[in-house]
Amino acid sequence: MQQQVYTANPLHQTQVPEQYWGRERMCKARKRTERIVDSSRRCHPRSRRYRRTATTARFKRIRALVGAATLVILAVAYKLTSQDVTPHVQSDSSHSISSVPIPDLRAEAHELFAHADSVGAIAIGVAEGTRTIEGEQTESWSSHIDSGNGVINQGTFAWQMEAASPEAADQAAIHHIQNEVIPHILQDAQREGITLEPEILVQAVDLWNQAPEAGADFIENFKQCQRGSQLEEALLCARIYSYYDPVTGELEAPGFDNDIAWLEQDQRRRLNTIQQVLRFNQ
């Protein structure tokens, strides 16, 4: 795969490829002209007959507009009601989150992160350097100093919050992922209408575990990055650009000294590591 060099946030560039970031919508005003035949006194604006005719025509137009608006409202209401009560049928070639019941997705996500020895947890642990691809614990699992902020990390997920032991850190991290991280990811994916595959879910959880603020923007950025791109390229693109402030467009990666090359290298390493673990455990 050809590597792409990331130099700036494409959301804030002056020229943006349309296949990645969409196109601007343009609105055009329409002008209406009305012609009044004034060839006789009957149609003269000052005549009573003309005023009565014009008033009647105006009322007819208003009734027609009200009727049309009512039909549109009823049609929209019927469509929304049908979508709420009609179950979606999942095709064999697609498992988009919009066509799959959320409980099934939650069950799959729970299986990936049921405990610290689940496949998703081990994948993140290997990316953190606390687990091996076979699931064994490394020396860093018990505790190590975070190279980015100097805080003590414990357990599979390099948990930085207070914990009495690495085991307690793993329990706290799993609880956080199951009850806060995964629901947020599923909600974002459903809103954006993207296909949520196991690898995408694990990559999203990993980024959230590494940098919560970046992880919160991952799904939205992934939707933009996946336009015309392969999965691996879209995942890397979304991971990198989630470190950009969506308001200012500035890179906010202090753990990497805001060095885009360093950040890209780390994100590519974590992405490839997770892919290897998932393939190993298939």
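Cysteine 225 and cysteine 237 form a disulfide, with 2.1 Å between their sulfur atoms. The model is a predicted one, in which local features need pLDDT of at least 70 and side-chain atom pairs count only at pLDDT 80 or more, while totals for chains, interfaces and linings use all residues. Residues are numbered from 1 along each chain as its sequence is written, and side-chain values use heavy atoms, with hydrogens and water left out.

A disulfide is a covalent bond between the sulfur atoms of two cysteines. Here the term is applied to a pair of cysteine sulfur atoms within 2.5 Å, and by this rule the count comes to 1 disulfide. The pair links distant parts of the chain: cysteine 225 lies in helix H9 (residues 218–225) and cysteine 237 in helix H10 (residues 231–241), 12 residues apart. Helices (H or I, at least four residues) and strands (E, at least two) are DSSP runs, numbered from the N terminus. The link of cysteine 225 and cysteine 237 is left-handed, with -60 degrees about the S-S bond. Cysteine 225 is buried, at a relative accessible area of 1%, and cysteine 237 is buried at 3%. Buried means under 20% relative accessible area, exposed over 50%, and partly exposed in between (1.4 Å probe, protein chains only).

The chain as a whole comes next. Its secondary structure comes to 11 helices and 2 strands, and along the sequence the pattern is α-α-α-α-α-β-β-α-α-α-α-α-α. Of the 282 residues, 37% count as buried. Among contacts with a separation of 6 or more, 55% are between residues 24 or more positions apart, a contact being heavy atoms within 4.5 Å.

Two packed helices are described by the angle between their axes and the distance between the axes. Axes are lines fitted to C-alpha atoms, for helices over the stretch in contact, and angles run from 0 to 180 degrees between N-to-C directions. Helix H4 (residues 119–128) packs on helix H11 (residues 260–280) at an angle of about 140 degrees, with the axes 9 Å apart. That angle makes H4 oblique to H11; angles under 35 degrees count as roughly parallel, over 145 as roughly antiparallel, 65 to 115 as roughly perpendicular and the rest as oblique. The crossing of H4 and H11 is right-handed. A crossing is left-handed if the near helix is turned anticlockwise from the far one by less than a right angle, and right-handed if clockwise. On the H4 side the residues are Val119, Ile122, Ala123, Val126, Ala127 and Glu128, and they meet Arg269, Arg270, Thr273, Ile274, Val277 and Leu278 in H11. By class, the contact of H4 with H11 has 8 nonpolar, 1 polar and 3 charged residues. Ala, Val, Leu, Ile, Met, Phe, Trp, Tyr, Cys and Pro count as nonpolar, Asp, Glu, Lys and Arg as charged, and the others, Gly among them, as polar.

H11 also packs against helix H7 (residues 198–210), at an angle of about 135 degrees and with the axes 11 Å apart. H7 and H11 are therefore oblique to each other, and H7 passes H11 in a right-handed crossing. The contact is made by Glu199, Val202, Gln203, Asp206, Leu207 and Gln210 of H7 and by Asp266, Gln267, Arg270, Leu271, Ile274, Gln275 and Leu278 of H11. By class, this contact of H7 with H11 has 5 nonpolar, 4 polar and 4 charged residues.

H7 has a further partner in H6: the axes of H6 and H7 come within 10 Å and cross at roughly 115 degrees. H6 passes H7 in a right-handed crossing. His176, Ile177, Val181, Ile182, His184 and Ile185 of H6 make the contact with Leu201, Ala204, Val205 and Trp208 of H7. The contact of H6 with H7 has 8 nonpolar, 2 polar and no charged residues.

Glutamine 187 is found in helix H6 (residues 166–192) and counts as exposed at 52% relative accessibility. Glutamine 187 and isoleucine 219 are 32 residues apart in sequence and 9.7 Å apart in space, C-alpha to C-alpha.

The loop between H10 and H11 holds aspartate 257 and asparagine 258. Aspartate 257 has a positive phi of about 55 degrees although it is not a glycine, and asparagine 258 likewise has a positive phi of about 55 degrees. Aspartate 257 counts as exposed at 62% relative accessibility, whereas asparagine 258 counts as partly exposed at 40%.
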